[in-house]
Amino acid sequence: MSVEVFNDLTYDDDMGSFGSVSLEFCGNTVVVPLLVVTEDDGKTDSKQEEAFKKFLEKSHAIFEDTVAELFEYYKEIRAERGFDKKKNKFFPEVLDINEFKTMIELSGVFVPESDAFDERAVFLTFECSWDTENGVEVHIFDEQVAEMGEQQIEI
């Protein structure tokens, strides 16, 4: 199985294999960095290719779920920090998911080494208005949102 975008990746000793990918996110076409952890030869393996291919096939549904989960995550973080009781310009009250969509921007896609997880894994990184220093990272396992938190990956 070949994933076309993987053919255009460039290998770097420090980063792995990297390139870019064009995706439809929140009604817009965005081009974001793509980083794939590869061996020293820079080649992807079949599990990584399958994970990314499945991600692409189901990206519309994955992104819908991701935005909904991020919205819930935002509301939880906002409440944990007490901003549901007092105003804060970085954590405004947001009642509508469409308004929330303006607060996030897909900033990267990361495919980890295939032996790191039993499941097919693709990670997404986001810039967000409430945490401009760190952003948010979302882990997708077998095309399902599994976990999210402060961004740990630099793409």
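**Threonine 44 and its setting**

Leaving aside neighbours within four places in sequence, threonine 44 is in contact (heavy atoms within 4.5 Å) with Phe6, Leu9, Val36, Thr38 and Glu49. The model is a predicted one, in which local features need pLDDT of at least 70, side-chain atom pairs count only at pLDDT 80 or more, and totals for chains, interfaces and linings use all residues. Residues are numbered from 1 along each chain as its sequence is written, and side-chain values use heavy atoms, with hydrogens and water left out.

Threonine 44 sits in the loop between strand E3 (28-36) and helix H1 (46-57); helices (H or I, at least four residues) and strands (E, at least two) are DSSP runs, numbered from the N terminus. With a relative accessible area of 19%, threonine 44 is buried, a term that means under 20% relative accessible area with a 1.4 Å probe, protein chains only. Its side chain makes a polar contact of 2.8 Å with the side chain of glutamate 49. Such a contact is a pair of N or O atoms within 3.5 Å; within protein, one must be able to donate a hydrogen and the other to accept it, and residues adjacent in sequence count only if both atoms are side-chain atoms.

Buried residues account for 43% of the 155 residues. Among contacts between residues at least 6 apart in sequence, 51% join residues at least 24 apart. Along the principal axes, the C-alpha atoms fill a box of roughly 55 × 30 × 30 Å.

Methods: Buried means under 20% relative accessible area, exposed over 50%, partly exposed in between (1.4 Å probe, protein chains only).
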